[in-house]
Amino acid sequence: MFAVLIDQFWSLTIAGIALGFIYVLVSLGYTMVYGVLRMINFANSEIFMWGTFGTIVTSRDIFGYTQTSAPATGPKLALVLLSQLLISMAVAGVTAIFVEYVAYRRLRAKGTNRLATLISAIGISIVLSELMRLLTDSRPVGSPRVLEKIILGEVWGANLRLDTIITIFAAALIYFLLERFVKLSRMGKAIRAVSMNEDAAKLMGVNLNRVITTTFLVGGLATGAAGFFYITVFEYTKFNIGFTMGMAAFTAAVLGGIGNIRGAFYGGLFLGLLEVYASAVLGTQWKAVTVFIVLVLVLLFKPNGLFGEAVQTTRA
Amino acid sequence: MKIRNYWNLRDYGANIWENAGRPVRVAIVLVSIVLVGLLPFTGGSFLATPIASFDAVLVYPVGMFVLMSLGLNIVVGKSGMLDLGYVAFFAIGAYTMAILGTTTKLNTWEIMPIGIAFAMIAGVLLGIPTLRLRGDYLAIVTLGFGEIVRLVVLNSTWSKGPNGIANIPMPPHIGPLKFELENQRVFFWVVMAMILLTIWMIRRLSVRRPGRAWEAIRQDEDAAELMGVPTLKYKIWSFTLGAAVGGAAGVLYASKNLYIAPEMFTLNVSILILACVVFGGIGNIWGVVIGATVLGYLPDRIRFISDARLLVFGLVLVIVMNFRPDGLLPRKKREKAIVKREANA
Amino acid sequence: MNKKIQRSLAVVSAAALVFGVAAAQTSANAAPKTVYIAYQGPLSGGEASTGTDEQNAVKYAIKLFNAKNKAKYNVKLVSVDDQGDPAVAGTVAPGIGKNKAILGVVGPAYSGATIASLPFYKAGGLVMISPSATRVSLTDSGSPDFGGPVFHRVVGKDDLQGPALAKYATQGVSNAKVFIFDDQSSYAVPLAGYVTSGLKKVAGATVVGTDSVPNTTTDFSPTIAKIATSKADVVIYTGYYSQAAVFIKQLRDSGSKAIFAGGDGVFNQEFPKLAGASAEGSRVTGVGGLAGVSTKLEADYKKSMGVSSGVYSVESLDAANILLQGILKGNTTRAKMLAWVKAYNGKSITGNTIKFSANGDISYGLFAGFTTKNGVLVNTGIVK
Amino acid sequence: MAKIGKTLLKLDNVTMKFGGVTALNGVNLEVKEGEILALIGPNGAGKTTVFNVITGVYKQTSGIVDFDGTSLGNQKRFQVTALGVARTFQNIRLWGDMTALENVITATDVHKKSGVVGALFGLPRARREESENRERAMEILRFIGIDEYSDRLAKNLPYGVQRRLEIARALGTSPKLLLLDEPAAGFNPAEKVELAATIKKVRDAGYTVLLIEHDMSLIMGISDRVVVLDFGTKIADDIPSVVQNDPRVIEAYLGVPADAS
């Protein structure tokens, strides 16, 4: 049962970390919006899906890569990858703002119940995914290989592959930049102020609408970046991939402590590793079950997630 | 606001009801039941659904959605807990029917209480550890539960895994009413009876201690606990009663569809049922009934835009929520009626 | 209702089926005679591409037929969208079963949806010819899923394909160590079982590992780790082509050189397209596509339908043709049509003779082996 | 004046820490049956924390809370209420979408035995309890003097009525000890006089009252005894007139030693 885990431990670990970093970035999309609105951005999964298509369209239609063309090298490689990343982020960012405008803004202005907003968000995510389904004729779309997956070397019997390494480092960098942004910039501080106390922040002269739009944008950018890495590693997308990713990333956010940026980081990595280890030990069919049982156990003993703020649930 | 009152069906309906005496009320109820019961005979009218036959659509999705939405409404609408794993109870009921129906001599009506009991037990087992959690945390844990039930059924041999279970027996006839494949109106009447029973249950509980406890929990759980409401107990009750309705729906569904497979019990069902509850008017029985009817019926009625059907469905959700965030028929505001009555007196 | 409206409704045949049928009956004296057949499969939702491909082939067959027999018949297609989901199938099937104007069904595409539809079609005596429902139990008279007498299929069932796949995958490998995994679907899990039993008959072959991977998976690293540990030299996947493409890329990127093989779910020219160079040398069992039958036919198809033929297009064409020939022979009631199909003895467009066994299975059910060469799945002949 | 009886509630050396912050530091407190005890102190002195420890919202870090012979250490919050402690909230926390009457009925449910099964099948006990509760709740509304609002939704009631409804709701649980958290907050002088009369009336009806309040004149008028907290420590515990002149109390309130000026 544990033979695979022992034999392939480092391969699994590297794969888990790379997957974990993708989760981290998508979780940010959930956690940032949650921090500010105290609401699940149900459409984040579809924002991610649109990001993956942004990545593919860039290499396929802008740079003209096909399934059979040779991978890029040198400066061209950097140019293509960077454009893919930026366009993917842009697509996801714009989609996120669109979601905020259509599904959240009006309802928030009315101050209505949270469930209405949730259903509205579910509605918009159906719209986003169905739109893409109609555009792609329900077919999966493969990504041309831009980055050759060279094996750089071997560590403890595990291959270090270029795309995995890039994903880990670049995703970590993007996470770090976002965290700095939220910590240090004016807008970031406003976001944190709102997430701590909306009324007080309003009194301090924070433009709430702008803060919320920015939060969606930042969450969308992170999610879009995840879309890029996802395509670079897996080279495949379909209109319905958002769901699985969304579930995983949301679970990661809750595991880490939703509303908390650092929580998304630890939660994402934890989940990435948990998934590969559980699949290796129990069989992939039990992966999701294991993840949810761990989630329930964590929430039972640490109701605010592993790294959640120690907010008293009760303020009597 | 004033203009709205003219087409505010809720107030209009409430008015008639409030001003009616007991005989009139009984008459209204009976006439409504008969009218709804006649629905399967209107298949030739503008109501007809293309492709799917109208009487089948009335049973599933429409009737089943109404039933399940009412069950989920006990959890989400009455006590304010966001449950995204409601499909689990539906699945438990359906699998109880499928397994017992194909391996024993028990018929649908004999399996019904067993299926309900299993669903309720699952509700308690899930409720005890998780109902301490609140809000979105509860949402994700229940969602996980729904997935776990599906995955366990999918990966187990006793449930025949992904192959599903076929040849589930139809219910035996009730008196002169026979269940037929070609015409599902008797199924519809049974679903209707179950819906009425559920409505009766909810209405009865709402005006008594459990209803008050749920209402208090929904509005301010801490205050409720400090005022002596055993919140966990009532939350588990709410969960369990919701589960019972879901389980009952599952038993009947398996007996109607004659074949079930794990792929029928995905998260989408939970979300759809939740959408029905919120869309119609969370917490309000009639709102939920209307919401579930519309959302169950619409996709089959608008088949002519076949491929874009779901897209339209999504748009409808967004638009309705934006313009009527409390749903088509919001939770009733009793005070209005009371004030009006005082003004009339 | 005036005639004009009737006619315009009838044009939108799917939408206005109920009215359209009424129109057809009232204007019976007018030639040509309008008759209906249905296609049932996933036309929306996640599996829609399969259904669209199949339905296009059916539409193509009807188009050819109508052009040829303009004077006598006007065949209309009723699109029955079951989303490949048994729950939806259970809702649409009663209406189709009851609608006596529909003479026969091509489909359903998926076995689960087929089982859910069966009771209603049996009750209505409606003949079905599925191009792609391969579950063994559908034609096993001892099983609760048994589809007789109405169910027929023009595709080989899983217990024929499983051994063929086992043989083809291990061809030329002595003492093959085989790793088998499925996608948890109702198609893949049984097929994996038949592959496993088929391997027992292959000398020296052993199963060294298995896995079952949800069909939404994109990260296959745990499965690949298992393959590495098991030291397998043949990997068989019984799921569908899109997942297979993702998997084979990751397998090759991990440095593994093991032979990759898949069943007819993987058999799709999209597979090498999605997987690129990684797909080279992959072995797939299936029944040849339209282009494999005749490039001329494929060209005409593309011209006529505007898209290339897709999965199960040959089977869908065959299935539609059986019904259409029946119509031509004047079998315009359900009972007659059912008898026609049961007694059918004709040629597939591949040249094989189609006859149905008493339980509804096709007479040949042979599987060809395909190997990916230069980005295309190339037919290497029937697996024997 | 009602007769002061035996000790009802006893806090023995209760300490409450949140992380590094000590909210209560070894507080000793006794409430005797039939008295009105006022708990005062500057903002952040730990008054509401005392309420939260008594009602089980927080678990004290150390020390014992004894109520009528039962330790409240391991009780759940609703059990504490069932034992006979009820409270109001500083920021009103009524159930806004229920009528005033329903708010009180819900509180009266605490001592009733019937539950879901009884309600569903209309068992005799459930029916009897329903009508008893309704009568009792109406009685309480009359007692507090807000019965004319019984059918109005709580959220639509005037502010003053909401405050009184909070008291009525707490009385609904038939408490032995009533904890009032700033019941006069936001009241004008006339309303305060009325409230003072109500509190006295409540006490005279046999309830014991522990009261947090800022308004000195109100406190001096009705309390039998005053306890002063400052930075989580008890600094005075005596009859109002003595406490009023205690230099430490004055220092705590004015922020400077009394003799420094």
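Author: Two strands pair if DSSP finds at least two bridges between them. The model discussed here is predicted: local features need pLDDT of at least 70, side-chain atom pairs count only at pLDDT 80 or more, and totals for chains, interfaces and linings use all residues. Residues are numbered from 1 along each chain as its sequence is written, while chains are lettered from A and ligands numbered from 1 in the order in which they are written.

Reader: What makes E4(C) and strand E5 of chain C a pair?

Author: Three bridges link E4(C) to E5(C) (residues 151-153). The rule asks for at least two, so the two strands pair. Their sense is parallel, and C:Met128 has C:Phe151 as its bridge partner in E5(C).

Reader: Why is the unit made of E3(C), helix H5 of chain C and E4(C) called right-handed?

Author: The word applies if, with the strands pointing away from the viewer, the path from the first strand over the helix to the second runs clockwise. E3(C), H5(C) (residues 111-124) and E4(C) form a β-α-β unit of that hand.

Reader: How do you know whether the faces of E4(C) are covered or open?

Author: C:Val127 and C:Ile129 on one side are buried, and so are C:Met128 and C:Ser130 on the other, which leaves both faces covered. Buried stands for 20 or more other C-beta atoms within 10 Å of a residue's own, with C-beta atoms placed from the backbone; 12 or fewer is exposed, and in between is partly exposed. In chain C, 63% of the 384 residues are buried.

Reader: What makes the seven-strand sheet of chain C open, with E7 and E14 as its edges?

Author: The order is E7-E6-E8-E9-E10-E13-E14, with mixed pairing. E7(C) (206-212) and E14(C) (376-382) each pair on one side only, which is what an edge strand does. Inside the sheet, E9(C) (residues 259-262) and E10(C) (residues 283-286) are parallel and joined by two bridges; C:Ala261 stands opposite C:Arg283 there.

Reader: What makes chain C as compact as a globular protein of its length?

Author: Chain C has 14 helices and 14 strands. Its radius of gyration is 21 Å, close to the 21 Å that the globule rule gives for 384 residues, so it is as compact as a globular protein of that length. The radius is taken over C-alpha atoms, and the rule is 2.2 Å times the number of residues to the power 0.38.

Reader: How does chain A come out under that rule?

Author: Chain A has twelve helices and four strands. Its 20 Å is close to the 20 Å given for 316 residues, so chain A is also as compact as a globular protein of its length. Its C-alpha atoms fill a box of roughly 55 × 45 × 35 Å along the principal axes, and 59% of its residues count as buried.

Reader: How do you know which chains touch?

Author: A contact needs C-beta atoms, placed from the backbone, within 7 Å. Five pairs of chains touch, and chains A and B have the most contacts. Chain B puts 34 residues in contact with 37 of chain A. Chains C and D do not touch, their nearest C-alpha atoms being 33 Å apart.

Reader: What does the contact between chains B and D consist of?

Author: Chain B gives 23 residues and chain D gives 31. H9(B) gives the most on the chain B side, with seven residues.

Note on methods: Two residues are in contact if their C-beta atoms, placed from the backbone, lie within 7 Å.
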